[in-house]
Amino acid sequence: MLDSRAPADPPVVLSLDVGSSSLKAAVRDPDLRMHAEISGLRDGPEAEPAHVTISGTGSFVEHARLSDGWTGAVAEIADAMARRGLYPDVIAHRVVHGTPLLAEPRRADELLVARLRGEAHLDPLHLPRQLAVLEEARARWPGAEMVLVPDGGFFAVLPQEAVTLPLPAEARATGLRRWGFHGLAVQSVIDLLPGLGGAVVVHLGSGCSVTAVQDGRPRSTTMALSPAGGIPSLTRSGDLDPEVVLRLVEQADGSVPAVRELLNRRSGVAGLAGGRTDVRELLAADDAAADLALRVFVRSVAMATAAAVTTLDTWDSLVFSGGIGQHSGEVRELVCARLLTLRHGVPGGSVPSERLVGAGVRVLAVPIDEEAVIDRLARGVLPAVPRPRGFALPKR
């Protein structure tokens, strides 16, 4: 089947967003043609089937189950695109890894990919999976350009005092610093709401972070060397006393991988609530573990927000994003209630967020579109991509 579009037409960009247990994809040319999300991805014979949702042009929505986990995730995206006659000229990959190799979006040339493979041991929970998806995309769409988009690129302009860790120079020289993550999510908020002024963006999803932004530029963020740092997330511990980590290593007979697994997969809200991570379930529960998990979580978020305010010239906006931040009004109000002493809200029976609004702080809950930001940044790297003269279905 030949491609009927003119060579000068804008390129078709496939944005791939690899999460810890999900794969999101969007196809634009530059209008959105298809969006897909595969959630609940796991490896192993005992893994539950993943959920697939595909939507796009014509208001179509498809739901399916995927039983072969990560091994079939890219194939599922490829098949959905092929059914709609979509072939990517560019494939843009979100990369969650702090490294000077990828401070900004770059073409995925062989040298860069090889050097990233050499750093995979530094981030075994994220980078190997992202590189595996890159290689599978290369095999399925050999004619497409590959672009790597760092999730922390937004934080490349953080002030020096915001990225420097209090360590000796020889330790810092090895690359130990604050990189920051959720940068694409924060950029999505700024793209949607460019007039935020001095804002704190509270991103609450499976991973959680708090970022201060002044007039569109970052001032501080809670995640540091890895996404495990900062405030507690649903399964990640967040910041800990270093001695806690050292004792955990001792208890694990020196096994760093075992402790890394504990801190990233079994801590945070899950560690406090007996493995539960659904905030709606915890809010409805009537047990001490659920109550404690929520109190620790909300307290940590509010404390990080208050700290972020100190880095701003003005505090004009408080923005909640992510699945929990956008959809859980109860969590938002619990956080806002702890922030009232920062801006003495108007008295009365109104809810905490309304009292903050009355004190001059806009309080917003907004959706994010990381794939749209990935698409835009990738087009900036490859402003003119030759259109393939023929159309080929991806390899199965």
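Tutor: The model is predicted. The domain assignment divides the protein chain into domain 1, made of 13–155 + 371–381, and domain 2, which covers 194–365. Between the C-alpha centres of domain 1 and domain 2 the distance is 27 Å. Seven residues from domain 1 and eleven residues from domain 2 take part in the contact. Domain 1 and domain 2 bury about 840 Å² between them, and 66% of this area is on carbon and sulfur atoms. On the side of domain 1, Leu 125, Phe 154 and Phe 155 supply 58% of the area buried against domain 2, more than any other three residues. Between domain 1 and domain 2 the count of salt bridges is zero.

Helix α15, residues 370–381, contains Asp 375. Asp 375 has a relative accessible area of 5%, so this residue counts as buried, the cut-off being under 20%. Apart from neighbours within four places in sequence, Asp 375 is in contact with Val 13, Ser 15 and Arg 28.

Leu 176 sits in the loop between α5 (169–172) and α6 (183–192). Because its relative accessibility is 32%, Leu 176 counts as partly exposed. Together with Leu 167 and Leu 225, Leu 176 forms a nonpolar patch on the surface; the accessible area of these three residues together is about 210 Å².

Key: Residues numbered from 1 in each chain as written. Predicted model: local features only at pLDDT ≥ 70, side-chain atom pairs only at ≥ 80, totals over all residues. Heavy atoms only, no water. Patch = residues over 30% accessible without salt bridge, like charges linked within 9 Å, V, L, I, M, F, W, Y side chains within 5 Å. Areas by Shrake-Rupley, 256 points an atom, 1.4 Å probe, with all protein chains shown as cover. Salt bridge = Lys/Arg side-chain N within 4 Å of Asp/Glu carboxyl O. Helix = DSSP H or I, 4+ residues; strand = E, 2+ residues; numbered from the N terminus. Buried < 20%, exposed > 50% of the residue type's maximum accessible area, 1.4 Å probe, protein only. Domains from an automatic or database assignment. Contact = heavy atoms within 4.5 Å. Buried area = accessible area lost by both parts, 1.4 Å probe.
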